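Please read the following report with the sequence and the model side by side.

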Amino acid sequence: MKFRVNRDVLAEAVAWSARVLPSRPTVPVLSGLLLETGEDLVLSAFDYDVSARASVEADVEDPGRVLIPGRILAEITRSLPDEPVEVVTTGSEAVLTCGSAEFGLLTMPVEDFPTLPGMPPVIGAVGGGVFATAVGQVAPAASRDEALPMLTAVRMDVSGDRVTMAATDRYRIASRDFEWRPERPDAAAAAMVPARVLVEVARSLRGGEVSVALGEGIAGFESVGRSTTVRLLDEQFIDYRSRLSGDWSIRADLQTAPFIEAIKRVALVAGSNTAIRLSFTQGRVVLQAGGGDIGRGTEAVAAHLTGDDIEIAFQAQFLLDGLAGVQTELVRLNMESSTRPALIAEVPGDAGPAFRYLVMSLRQT
């Protein structure tokens with residue numbers, strides 16, 4: 001096997017593929033990156049749950065396959081000088097040359113590397129920016145507790161030309177609707193995609209259009225020569241739509257950016273488990289936190305209130321996570337009482353809010 005490739009192209013493709021390598025592989029070959037050359041260079045990684053495959057242009061002199069320890073390859077390619085890279089396999093060694101730098105890496109038995117799953121049927125496509133934004137809005141609400149797998153997923157519900165993403169950790173629910181281009185106008189599907197994988201996919205597939213594929217317990221995402229497959233979780237999920245709808249007797253409209261900045265400032269004196277209190281009256285909201293060993297903070301922000309005055313408290317980071325997902329200049333807090341959850345939503349246009357975030361209030365002492 002022998003090929004030459006641009007240093008930056010190789011380093012980026014290796015880094016992208018290596019991100020799915022397991023930190024503690026069940027078998028040694030899963031720590032390797034598979035390099036295959038034909039017309040182009042294809043790099044692959046797989047841990048039985050998640051696969052990544054990147055295809056890049058290369059000058060191939062001798063086609064072949066080689067399995068190289070992935071993390072060290074990523075470290076090496078990231079630090080190479082700005083020169084073309086040549087890789088040649090000789091016996092049990094892959095020799096990587098770039099300018100005056102040369103590395104000889106012991107290869108791994110390529111025949112032991114598992115076969116990657118094929119890409120399931122494509123069901124639709126969406127712009128990479130829309131996809132990444134939607135994932136960024138809902139993923140913070142997913143749980144990190146692996147003991148409850150359902151809560152570590154982002155739910156994707158497909159209905160015709162609309163997709164809804166949702167996530168929850170029992171203390172908040174985030175949901176985002178967006179339009180896409182389905183393969184069939186009557187497309188209907190539901191999938192539970194691990195949030196950590198979806199975040200990585202969204203971060204790396206911003207360019208162009210993202211194709212989404214589903215089938216046989218696997219989801220696939222592909223864009224600009226890169227593809228990822230992931231094993232889906234159980235489809236069981238809460239009825240999030242009913243909890244995000246309903247009539248709210250109190251609502252407050254605020255400028256999103258000033259509200260976020262005020263929360264960040266006041267929260268500086270709030271402990272990790274200390275509430276930030278919001279006191280809404282007509283024309284403004286007063287934010288308060290602290291009062292313990294650190295100190296206290298207070299700030300007022302303009303707010304248009306509809307309904308009765310209300311005092312309500314939240315965990316500061318949960319509140320900020322929801323506000324960070326708001327894409328509009330104005331944000332609306334829908335409330336019922338100080339003891340019930342509040343719904344954060346973008347101030348609706350003709351089609352209604354695309355992003356909604358329900359967050360539990362905290363008992364005040």
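Predicted model: local features only at pLDDT ≥ 70, side-chain atom pairs only at ≥ 80, totals over all residues.

Residues are numbered from 1 along each chain as its sequence is written, and side-chain values use heavy atoms, with hydrogens and water left out.

**Helix pairs**

Two packed helices are described by the angle between their axes and the distance between the axes. Axes here are lines fitted to C-alpha atoms, for helices over the stretch in contact, and angles run from 0 to 180 degrees between N-to-C directions; helices (H or I, at least four residues) and strands (E, at least two) are DSSP runs, numbered from the N terminus.

| Helix pair | Angle | Axis distance |
|---|---|---|
| α1 (residues 7-18) and α2 (residues 70-79) | about 150 degrees | 9 Å apart |
| α3 (residues 128-138) and α4 (residues 195-204) | roughly 145 degrees | within 9 Å |

Helices α1 and α2 are therefore roughly antiparallel to each other, a term used for angles over 145 degrees. Their crossing is left-handed, meaning that the near helix is turned anticlockwise from the far one by less than a right angle. In their contact (heavy atoms within 4.5 Å), Arg-7, Leu-10, Ala-11, Val-14 and Ala-18 of α1 meet Gly-70, Arg-71, Leu-73, Ala-74, Thr-77 and Arg-78 of α2. These residues divide into six nonpolar, two polar and three charged, where Ala, Val, Leu, Ile, Met, Phe, Trp, Tyr, Cys and Pro count as nonpolar, Asp, Glu, Lys and Arg as charged, and the others, Gly among them, as polar.

Helix α3 also passes α4 in a left-handed crossing. Here Phe-131, Ala-132 and Val-135 from α3 meet Leu-198, Val-199, Val-201 and Ala-202 from α4, and the contact has seven nonpolar residues, with no polar and no charged ones.

**The nine-stranded sheet**

Nine strands form an open sheet with antiparallel pairing, in the order β6-β2-β3-β4-β18-β17-β16-β10-β14; two strands pair if DSSP finds at least two bridges between them. Its edge strands, each pairing on one side only, are β6 (64-69) and β14 (181-182). Within this sheet, β2 (residues 32-37) and β3 (residues 41-46) pair in the antiparallel sense over four bridges, and Glu-36 has Val-42 in β3 as its bridge partner. Helix α2 packs on the sheet, touching β2 and β6, and its direction makes about 90 degrees with that of β6. Helix α4 lies across β4 (50-56), β17 (218-223) and β18 (226-231), running at about 170 degrees to β18.

**The twelve-stranded sheet**

Another open sheet, again with antiparallel pairing, is formed by twelve strands in the order β15-β11-β12-β13-β26-β25-β24-β19-β22-β21-β20-β23. The edge strands are β15 (188-194) and β23 (310-315), and neighbouring strands are turned by 25 degrees against each other on average, direction ignored. Strands β19 (residues 250-255) and β22 (residues 296-306) pair in the antiparallel sense over three bridges, and the partner of Arg-251 in β22 is Thr-306. Helix α4 lies across β11 (153-159), β12 (162-168) and β15, running at about 95 degrees to β15.

**An annotated stretch**

An unreviewed UniProt entry places the feature "domain: DNA polymerase III beta sliding clamp N-terminal" at residues 1-117; such annotations may be inferred rather than shown by experiment. Over residues 1-117 the chain is 19% helix and 44% strand, with the end C-alpha atoms 24 Å apart.

Definitions and conventions:
Parallel < 35°, antiparallel > 145°, perpendicular 65-115°, else oblique.
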